[in-house]
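Please keep the sequence and the model in view while working through them.

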Amino acid sequence: MEIVNSHLAHSIKEQGMIKPPNSYGYIQLAAEVELPRPFLSKSASKKALLSELKVLCTELKSSSPPIQRADLFDAFIIPPGSNPGLELIKKNGYEVHIAKFDIVILIECTSVDDALRVRDSSEFKKIEQVLNDKASYTHSMVAKNANRIDEVSKDSNGIFLFNYFYAEETQTLLDVWEYTAGWWTAKANLTNSTPIQPVEAGSQYNLINHCRWDKLIDVLPSLTFKPSLNNFVLKNFTVNNIVAMPILYKLV
């Protein structure tokens with residue numbers, strides 16, 4: 001791991017804000033159906049699809065006791081991507097799909113083995129087929145928690161982040177995530193984060209970070225007005241050949 005602007009670092013260990021990984025298993029199913037449209041409501045077909053998926057998620061959860069949660073998210077901000085990240089993709093010839101997922105389903109199970117079984121169930125296959133029929137692109141992975149600040153509460157709505165990471169080296173990515181996470185806890189009001197890592201080959205992404213803020217005002221000033229986001233967080237990503245593709249969501 002290469003380090004840039006270490007004088008801006010804030011250790012999550014020194015802040016007492018890092019915990020061992022949990023033992024849960026996850027299925028993250030993401031789809032590109034309809035990009036968010038500023039100042040315009042969702043199309044009737046998108047609304048109908050979200051309603052159908054909400055029902056299917058409820059049925060899935062009730063079908064299997066090992067499923068602890070089955071949550072549906074709808075994107076409201078999909079940034080175009082940071083220029084350094086897009087330049088890395090072009091410069092290094094990375095064959096990675098640039099994430100523009102407006103719909104995400106996150107299923108939390110009691111273990112990775114349980115998540116693998118749920119992924120092969122007819123109830124999950126039904127959800128997957130519905131999205132495949134409607135989406136221009138889908139991505140699915142079974143995952144484990146790689147590290148964490150704290151669990152992400154989904155008992156009430158808020159501002160949820162899924163940040164899709166691509167890197168040449170997964171361990172370097174994990175090291176850089178931990179190194180830069182302290183900026184978010186110290187400068188961007190972050191109190192939780194459960195990044196998930198695929199347990200099987202074939203995922204487009206080495207890591208998907210997941211976290212939550214109560215309100216947009218809790219995070220927007222940090223994303224907009226603090227130069228250290230670029231000078232510390234993004235530069236440490238770029239120097240280590242890491243592409244970050246963040247998307248903000250709300251619960252459905």
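This is a predicted model: local features need pLDDT of at least 70, side-chain atom pairs count only at pLDDT 80 or more; totals for chains, interfaces and linings use all residues.

Is R69 buried, partly exposed or exposed? With a relative accessible area of 23%, R69 is partly exposed.

1. On R69 and its partner. R69 forms a salt bridge with D155, and the closest N and O atoms of the pair are 3.1 Å apart. The relative accessibility of D155 is 68%, so D155 counts as exposed, while R69 is partly exposed.

2. On a second pair, R119 and E200. These two residues also form a salt bridge, with the closest N and O atoms 3.0 Å apart. R119 lies in helix α3 (residues 112–119) and E200 in the loop between β6 (196–198) and β7, so the pair links parts that are 81 residues apart in sequence. R119 has a relative accessible area of 19% and is buried; the cut-off for that term is under 20%. E200, at 38% relative accessibility, counts as partly exposed.

3. On the other salt bridges. The structure holds twelve salt bridges. One of them joins R212 to D214, with the closest N and O atoms 2.4 Å apart. R212 counts as buried, at 9% relative accessibility.

4. On the largest pocket. Rolling a probe the size of a water molecule over the atoms shows where empty space is left. The largest pocket has a volume of about 620 Å³. It is lined by 30 residues, of which P79, W184, L223, L229 and P246 are the closest to its centre. The elements that each give two or more residues to this lining are the helices α2 (83–92), α5 (170–187), α6 (216–225) and α7 (228–239), together with the strands β5 (159–167), β7 (207–213) and β8 (242–251). By class, the lining has 22 nonpolar and eight polar residues, and no charged residues.

5. On the second largest pocket. What is the volume of this pocket? About 230 Å³ of space lies in it. Its lining is made up of 13 residues, and those nearest the centre are P36, R37, K42, A75 and F76. Strand β2 (residues 67–77) gives the most to this lining, namely three residues. The lining divides into six nonpolar, one polar and six charged residues.

6. On the cysteines. A disulfide is a covalent bond between the sulfur atoms of two cysteines. How many disulfides are counted in the model? The count comes to zero. For C57, the nearest cysteine sulfur is that of C109, 12 Å away, whereas a disulfide requires the two sulfur atoms to be within 2.5 Å. C109 is likewise in no disulfide, the nearest cysteine sulfur being that of C57. C57 is buried, with a relative accessible area of 2%, and C109, at 0% relative accessibility, also counts as buried.

7. On S140. This residue lies in strand β4 and counts as partly exposed, at 30% relative accessibility. Leaving aside residues up to four places away in sequence, S140 touches I27, Q28, L29, F124 and E128. S140 and I159 are 19 residues apart in sequence, and their C-alpha atoms are 22 Å apart in space.

8. On backbone angles. Most residues other than glycine have a negative phi, and most peptide bonds are trans. N241 is located in the loop between α7 and β8 and counts as partly exposed, with 24% relative accessibility.

Technical notes. Residues are numbered from 1 along each chain as its sequence is written. Side-chain values use heavy atoms; hydrogens and water are left out. On a 1 Å grid over the protein atoms alone, a cavity is a set of points where a 1.4 Å probe fits but cannot get out, and a pocket is an open set with protein on both sides within 12 Å along at least five of seven lines; lining residues have an atom within 4 Å of a point. Grid points are joined across faces, edges and corners, and a volume is the space filled by probe spheres set on the points. Helices (H or I, at least four residues) and strands (E, at least two) are DSSP runs, numbered from the N terminus. Ala, Val, Leu, Ile, Met, Phe, Trp, Tyr, Cys and Pro count as nonpolar, Asp, Glu, Lys and Arg as charged, and the others, Gly among them, as polar. Buried means under 20% relative accessible area, exposed over 50%, partly exposed in between (1.4 Å probe, protein chains only). A salt bridge is a side-chain nitrogen of Lys or Arg within 4 Å of a carboxyl oxygen of Asp or Glu. Contact means heavy atoms within 4.5 Å.
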